Amino acid sequence: MGPRDIGDLNLGDLNMPEPFRHLDQIKITHTAKKGCEECLKTGDTWVHLRLCLSCGHVGCCDSSRNKHATRHFHATKHPLVRSIEPGEAWIWCYVDNLMAGELDR
Ligand SMILES: [Zn+2]
Ligand SMILES: [Zn+2]
Ligand SMILES: [Zn+2]
């Protein structure tokens with residue numbers, strides 16, 4: 001497969017609903033970071049943390065006031081995050097709006 005432009009990608013999304021098609025974009029699965037990067041800068045608090053599996057960005061969840069993980073997706077189009085809450089390892093795909101699997105804890 002060669003490089004695809006956005007038009008082809010959208011068409012592919014319509015034709016092939018497939019929950020795991022973004023998993024090949026996983027580059028990072030663990031982090032030593034313990035806080036939302038943006039909230040730490042502004043002194044805000046968060047509820048839960050999400051790790052971007054493309055670049056290692058750590059942001060806060062949608063229950064948090066600033067929703068930095070979702071904002072990171074809109075800014076970068078990185079599709080996958082995981083929970084880095086203790087005992088949680090599920091992956092969320094923002095593009096498909098579904099759970100895309102589970103990682104090692
Ligand atoms: Zn996906
Ligand atoms: Zn945040
Ligand atoms: Zn990212």
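## Strand 3 and its partners

Three bridges join strand 3 (80–83) to the antiparallel strand 4 (90–93) in this predicted model. Strands are DSSP runs of E with at least two residues, helices are DSSP runs of H or I with at least four, and both are numbered from the N terminus. Two strands count as paired if DSSP finds at least two bridges between them. Within this pair, Arg82 stands opposite Ile91 of strand 4. The two strands form a hairpin with six residues between them, and Gly87 in the turn has a positive phi of about 80 degrees.

Strand 3 also pairs with strand 1, again in the antiparallel sense and over three bridges. Here Cys52 is placed opposite Val81 of strand 3. Both faces of strand 3 are covered: Leu80 and Arg82 are buried on one side, Val81 and Ser83 on the other. A residue is buried if 20 or more other C-beta atoms lie within 10 Å of its own, exposed if 12 or fewer do, and partly exposed in between, with C-beta atoms placed from the backbone.

Five strands make up an open, antiparallel sheet in the order 2-1-3-4-5. Strand 2 and strand 5 (98–102) lie at the edges with a single partner strand each, so one side of each has no neighbour in the sheet. From one strand to the next, the twist averages 35 degrees. Axes are lines fitted to C-alpha atoms, for helices over the stretch in contact, and angles run from 0 to 180 degrees between N-to-C directions.

Strand 4 and strand 5 are antiparallel and joined by four bridges; Trp90 faces Glu102 of strand 5. Helix 3 packs on the sheet and touches strand 1, strand 2 and strand 3, its direction making about 120 degrees with that of strand 2.

## Nonpolar core

The largest nonpolar core has 18 residues, of which Leu53, Cys60, Leu80, Val81, Ile91, Trp92 and Cys93 touch the most other members. Two or more residues each come from strand 1 (49–52), strand 2 (58–60), helix 3 (68–76), strand 3 and strand 4. Such a core is a set of buried Ala, Val, Leu, Ile, Met, Phe, Trp, Tyr and Cys residues joined through C-beta atoms within 7 Å. In soluble globular proteins, nonpolar side chains tend to be buried together.

Leaving aside residues up to four places away in sequence, Leu80 touches His22, Gln25, Ile26, Leu53, Ser54, Ile91, Cys93 and Ala100. Contact requires C-beta atoms, placed from the backbone, to lie within 7 Å.

## Overall fold and Gly35

The protein has three helices and five strands, in the sequence pattern α-α-β-β-α-β-β-β. Of its 105 residues, 28% are buried. Among contacts between residues at least 6 apart in sequence, 41% join residues at least 24 apart.

Gly35 sits in the loop between helix 1 (6–15) and helix 2 (37–42). Gly35 counts as partly exposed because it has 14 C-beta neighbours inside 10 Å. Its C-alpha atom is 8.1 Å from that of Cys60, 25 residues away along the chain.

## Confidence and conventions

The average pLDDT, the predictor's confidence in each residue from 0 to 100, is 87 for the protein, and 82% of the residues score at least 70. Over residues 1–12 the pLDDT is below 50, and this stretch has one contact in the model beyond near neighbours in sequence. Where pLDDT is low, the predicted coordinates should not be read in detail.

Residues are numbered from 1 along each chain as its sequence is written, while chains are lettered from A and ligands numbered from 1 in the order in which they are written. In this predicted model, local features need pLDDT of at least 70 and side-chain atom pairs count only at pLDDT 80 or more, whereas totals for chains, interfaces and linings use all residues.

Note on methods: Contact = placed C-beta atoms within 7 Å.
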